Amino acid sequence: MSRMRLVFSSVRTDSEPATVGGILQVSRRNNPRDGVTGALLSSRTRFVQLLEGDAAGLDRCFARIQRDARHRDIRVLLSGPTRELLFPEAPMLGIEAAGLDSPVAAALSDDAPPDRVMEILRALARRTDPQPAEVPEADASLVALRRIHRAARHILDDHLSRSEMPPDTLERLAASLTRQAAQAGDLHRRLSAASSADPDHRTEAQRFHELLQAAQREVGRRLGRLD
Ligand SMILES: Cc1cc2nc3c(=O)[nH]c(=O)nc-3n(C[C@H](O)[C@H](O)[C@H](O)COP(=O)(O)O)c2cc1C
């Protein structure tokens, strides 16, 4: 089966952060079915996407993408057979331009020559293998958040299930929950701001944040009762 590679650039028709997360979510569902992998680079105004996979699946995928009203001026920068896959593990890796000077931003500029775009994609692929690169900011936030959540759950199950608790234990618990809630709040904000974030992960982050706030209120209530 011949493997194909296609790289295109396009202009976004909106700059909503949630748009990219939505596209990535659908891609992660559809692309494994179509045997497609790749990366989607995005800034507030532009996309560059690398699609790789068997010809039929890739054609189907690109046909859908071309009909999508969330972008326009689709320009194919490169299309042809390939033997290697640059992101073999990624149904669709989301990579946001971190700053105006970043290589990702250079790939997204409207006059970036195709060779330069490929060079940048190759460099990103090297950095994502085996370590995630530039974007996984959103994923890293989620991993950290899950760790905090596990720790908080442990504290809650262990302590809050008991009705009697010495005041100094409650004070320690309150201090620890305050720290965790602050971290969770910060991570939730970062996750929400990262347009590559999966909407489900945003919801998960929001839930953790709320859980910690509720736990803080509960500890506060108990402390108040003890006063
Ligand atoms: C820049 C861009 C890249 C996209 N990449 C993919 C992709 O890799 N795979 C995919 O299935 N859909 C992708 N989409 C979304 C498709 O255009 C389309 O909305 C989606 O495939 C519809 O899937 P559904 O029929 O399962 O709802 C992309 C859209 C845009 C604007």
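Predicted model: local features only at pLDDT ≥ 70, side-chain atom pairs only at ≥ 80, totals over all residues.
Trainee: Where in H1 does a kink lie?

Mentor: The kink, of about 30 degrees, is at Arg28, shortly before the proline Pro32. Just after the helix, Gly35 adopts a positive phi of about 65 degrees.

Trainee: Which residues of H1 are buried?

Mentor: Buried here means under 20% relative accessible area. The buried residues of H1 are Thr19, Val20, Gly21, Gly22, Ile23, Leu24, Ser27, Asn30, Asn31 and Asp34.

Trainee: What is the volume of the second largest pocket, and which residues are the closest to its centre?

Mentor: Its volume is about 280 Å³. Of 15 lining residues, Ile23, Ser27, Ile65, Asp68 and Arg70 are the closest to the centre. H1, S3 and helix H2 (55–66) each give two or more residues to this lining, and H1 gives the most, with five. By class, the pocket lining comprises seven nonpolar, five polar and three charged residues.

Trainee: How many cavities of 30 Å³ or more does a search of the whole structure find?

Mentor: The search finds two. The second largest cavity holds about 40 Å³ of space. Its lining includes Ser9, Arg46, Arg75 and Asp110, and strands S3 (46–54) and S4 (71–81) each supply at least two of the lining residues. Five nonpolar, two polar and three charged residues make up that lining.

How values were computed: Residues numbered from 1 in each chain as written. Heavy atoms only, no water. 1 Å grid on protein atoms, 1.4 Å probe; cavity = no way out; pocket = protein on both sides within 12 Å on 5 of 7 lines; lining within 4 Å. Points joined across faces, edges and corners; volume = space filled by probe spheres on them. Helix = DSSP H or I, 4+ residues; strand = E, 2+ residues; numbered from the N terminus. Nonpolar A, V, L, I, M, F, W, Y, C, P; charged D, E, K, R; others polar. Bend = angle between axes of the 7 residues up to and from the residue. Buried < 20%, exposed > 50% of the residue type's maximum accessible area, 1.4 Å probe, protein only.
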